[in-house]
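Dear colleague,

Please find below the structure that I am handing over to you.

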Amino acid sequence: MLLYLGSWLIVYMNLEPALAALSSTRRLQILAWLKNPRGNFPPQVYGDLVRDGVCGVFIARKMRVSRPTASEHLKILQQAGLVRAKRIKQWTFYRRDEARIRRIKKIISTTI
């Protein structure tokens with residue numbers, strides 16, 4: 001029983017940041033937009049929307065919030081492993097980490 005509980009705790013500890021990140025409707029909206037970046041954001045001067053991700057400035061505009069507010073949401077998503085950040089010049093671009101999202105979905109479906 002303790003071994004099972006220990007394994008469960010390890011799974012939960014790995015899942016906890018993702019669940020916390022997903023508890024915000026704003027962050028869920030960002031993830032939904034990033035699922036189809038070409039359909040949700042205008043073309044960028046630097047960086048391919050799919051390969052490199054979406055500029056944080058565009059995400060802030062679409063959210064209708066300040067850049068620091070958007071950056072905080074994106075930082076939480078990044079720390080949870082749901083998005084990856086890439087610097088190009090002075091901007092940061094964000095894209096979904098599909099492999100990590102699949103793993104999280106699998107953990108949730110098998111644990112709950």
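The following notes concern the salt bridges in this structure.

Please bear in mind that the model is predicted. A search of the whole structure gives six salt bridges, and three of them are described here, among them one between lysine 86 and aspartate 52.

In that pair, the closest N and O atoms are 2.4 Å apart. The bridge connects distant parts of the chain, with lysine 86 in strand β2 (residues 83-88) and aspartate 52 in the loop between α3 (37-40) and β1 (54-55), 34 residues apart. Lysine 86 is partly exposed, at 37% relative accessibility, whereas aspartate 52 is buried, at 6%.

A further salt bridge joins aspartate 97 to arginine 84, where the closest N and O atoms lie 3.0 Å apart. Aspartate 97 is in the loop between β3 (91-96) and α6 (98-111), and arginine 84 is in strand β2, so this pair ties together parts that are 13 residues apart in sequence. Aspartate 97 is buried, with a relative accessible area of 11%; arginine 84, at 46%, is partly exposed.

Salt bridges with shared partners also join Arg51, Asp52 and Lys86 into one network.

Within helix α5 (residues 67-79), glutamate 72 and lysine 75 are three residues apart, about one turn of the helix. These two residues form a salt bridge whose closest N and O atoms are 3.8 Å apart. Glutamate 72 is partly exposed at 39% relative accessibility, and lysine 75 is partly exposed at 40%.

Yours sincerely

Terms used:
Residues numbered from 1 in each chain as written. Predicted model: local features only at pLDDT ≥ 70, side-chain atom pairs only at ≥ 80, totals over all residues. Heavy atoms only, no water. Salt bridge = Lys/Arg side-chain N within 4 Å of Asp/Glu carboxyl O. Helix = DSSP H or I, 4+ residues; strand = E, 2+ residues; numbered from the N terminus. Buried < 20%, exposed > 50% of the residue type's maximum accessible area, 1.4 Å probe, protein only.
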